[in-house]
Amino acid sequence: MKPFIKSIVLENDKLLIIDQRFLPHEEKIIELKDERDVFEAISTLAVRGAPAIGITAAYGVYISLLKNKNLDKTQFKQKAIDIIQYLKKSRPTAYDLFYALYRMEKIIEGEKNVSDWLLDLKKEALKIHNEDLERSERISINGLNVIPYGAKILTHCNTGGLATGGNGTALSIVFKAFQEKRDIFVYVDETRPLLQGARLTAWELFRVGVPCKLICDSMAAYLMAKGWIDLVLVGADRIALNGDFANKIGTYSLAVLAHYHGIPFYTVAPYSTFDFNIDNGDSIPIEERNPSEVKRFGNCVTAPESVDAYNPAFDVTPHRLLTGIITEAGIIYPPFKENILALNREKENGFN
Ligand code: MRU
């Protein structure tokens, strides 16, 4: 399935992204010219979603180093290391960022001349992007197995083409089921505070024509109690060895609600989101964003300026609330730790 959106493009060595801060009002393309632009785009959510962050960072390393092609070998290598370390600080939770930067780091190991290094860095960034596109397609095919005809699906945040190099993670399954005429219907959580569901997921579904309705996050329990939700599909920003996973704040509440109502609850993620170094979700770093985001609805201030607010961007869902993890390699069911380790053994790149 061809991607419906190209949210990140390397064109004539220019890194172009759709600036997601302007959606759904404007489809604005911006160019990221160096590591500072890339850092700013990732940290302000101009580009967001775990795989998309990783892909952008990988291209970011390449385009920033292109500007340093006149350095000698030693200086160039040091510059590459500095840029990679700098970009690692742009956001803490999504593992895909560290996965992609680790792969770029590997390229810079050893000795080469600068032009060969640049060529290899470009190739690796394109490969990371392409692999994500292919993974997205395989995820959508595997995910079809859990979508009954006529399914009513609840989703949270944005896990579509904007968030990945292909058609998405959770949302790629929705698109595939729609194309396969499964007669699905999607309920879209608006996803406070930054409204990725309302602004981005509703926009993506609407463009493709997938039947959907937007709801406030607080409405999910009511819909479940009515029997209107057959399954929940969400993404992930980092998955620990035991299957605990971090995703957009509000995901954990949905998992508890789905468990109570006996509704299947799946997270959907590629290999690049699995952190094989941590045993459980307690070790996942959770980003805390500016409290002012909670005191606003879009550009409109909705709370007294001086009131305190708390703004964790992610929460951790314990694996016991999960029905399964849908990946490009198949669906992982309990026992999660054993089956996640098996996934790692099968994989490439000597990562970890
Ligand atoms: O803060 P965001 O918008 O980057 O958070 C994104 C999410 O939580 C997504 O669900 C996750 O990255 C999966 S993306 C395919």
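**Around the ligand**

Of the 18 residues around the ligand, those that come nearest are Arg 48, Arg 91, Asp 237, Asn 247 and Lys 248, where a residue counts as near if one of its heavy atoms lies within 4 Å of the molecule. This is a predicted model, in which local features need pLDDT of at least 70 and side-chain atom pairs count only at pLDDT 80 or more, while totals for chains, interfaces and linings use all residues. Residues are numbered from 1 along each chain as its sequence is written, and side-chain values use heavy atoms, with hydrogens and water left out.

The shell around the ligand divides into six nonpolar, eight polar and four charged residues, with Ala, Val, Leu, Ile, Met, Phe, Trp, Tyr, Cys and Pro taken as nonpolar, Asp, Glu, Lys and Arg as charged, and the others, Gly among them, as polar. A polar side-chain atom of Arg 48 lies 2.4 Å from an oxygen atom of the ligand, and a polar side-chain atom of Asn 247 lies 2.7 Å from a ligand oxygen atom. At Ala 50 a backbone N or O atom is placed 2.9 Å from an oxygen atom of the ligand. The elements that give two or more residues to this shell are α2 (50–66) and β9 (245–248), helices (H or I, at least four residues) and strands (E, at least two) being DSSP runs numbered from the N terminus.

Strand β9 also belongs to an open sheet of three strands, in the order β8-β9-β13, with antiparallel pairing; two strands pair if DSSP finds at least two bridges between them. β8 (238–239) and β13 (314–317) stand at the edges with a single partner strand each, so one side of each is left without a neighbour in the sheet. Four bridges join β9 to β13, and Asn 247 stands opposite Asp 315 in β13.

Note on methods: A polar contact is a pair of N or O atoms within 3.5 Å; within protein, one must be able to donate a hydrogen and the other to accept it, and residues adjacent in sequence count only if both atoms are side-chain atoms.
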